[in-house]
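The following account leads the reader through one structure.

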Amino acid sequence: MSPSTAARDSPPIQIRIAKLSDVAGISEMGLRVFTATFGHSVAPHELAAYLEETYTVEAITKDIYDTTKDVIVATNSENRIVGFAYLTRGTTEPCLVGVEKTVELQRIYVDLSTHSQGVGSLLSSTIDQMAREQGFKNIWLGVWEENKKAIRAYQKWGYRQVGDHDFALGSVIQRDEIMLKSL
């Protein structure tokens, strides 16, 4: 994958494959963005347990080494990580049975300070390009039904809801919409 650059009035954003030196930045941003988005919906101890399982340096390092995942980062002109996304092969949902050659956009996170600056769109278009290059014809994701801002962005990028599933966050069961897009 060649680096991509955002063509906007804001400072240029570079997209590249994540390196081990990015792990701490991805971990810190994942903790911050997940907490800001979901923290109000679960008890603090359940949030802490999920974050400890998912966004530690060890967990992100494992993700980078996982051969079923491609992790990309968006960096600003100071080389600070302002977003990241995961393309994950080998996952599916019951509502996707019969859909040809699917791949998952597992995570797409944008630093809160750079929302509405095109970072998410650039990450999404880069993930789409990577998926097409790997031979996939469709890309799917799960998004919390109460994350309306993200749902609007996904719809803008061409995704449509095709189903839903339960997402356990500690003892809280949340409903995720499953969204699909043709590549």
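**Helices, cores and loops**

Helices α1 and α2 cross in a right-handed manner (a crossing is right-handed if the near helix is turned clockwise from the far one by less than a right angle, and left-handed if anticlockwise). The model is a predicted one, in which local features need pLDDT of at least 70 and side-chain atom pairs count only at pLDDT 80 or more, whereas totals for chains, interfaces and linings use all residues. Residues are numbered from 1 along each chain as its sequence is written, and side-chain values use heavy atoms, with hydrogens and water left out.

Helix α2 covers residues 44–54, and its axis lies 11 Å from that of α1 at an angle of about 150°. Helices (H or I, at least four residues) and strands (E, at least two) are DSSP runs, numbered from the N terminus. Axes are lines fitted to C-alpha atoms, for helices over the stretch in contact, and angles run from 0 to 180 degrees between N-to-C directions. The angle therefore makes α1 roughly antiparallel to α2 (under 35 degrees is roughly parallel, over 145 roughly antiparallel, 65 to 115 roughly perpendicular and the rest oblique). L31, F34 and T35 of α1 make the contact with L47, Y50 and L51 of α2, where contact means heavy atoms within 4.5 Å.

Helix α1 (residues 23–38) also meets helix α3 (residues 57–65): their axes come within 9 Å and cross at roughly 120°. This makes α1 oblique to α3. The crossing of α1 and α3 is right-handed. On the α1 side, V23, A24, I26 and S27 take part, and they meet V57, I60, T61 and I64 in α3.

The largest nonpolar core holds 27 residues, of which L105, L123, I127, Y154 and Y159 touch the most other members. Such a core is a set of buried Ala, Val, Leu, Ile, Met, Phe, Trp, Tyr and Cys residues joined through side-chain atoms within 4.5 Å; buried means under 20% relative accessible area, exposed over 50%, and partly exposed in between (1.4 Å probe, protein chains only). Helix α4 gives the most to this core, with six residues. Beyond its neighbours within four places in sequence, Y154 is in contact with I108, L141, V143, Y159 and M179. A second, separate core has 21 residues, including F38, V42, L51 and Y109.

Two loop residues remain. N79, in the loop between β3 and β4, has a positive phi of about 65° although it is not a glycine. K101 lies in the loop between β4 and β5, and its phi is near 45°.
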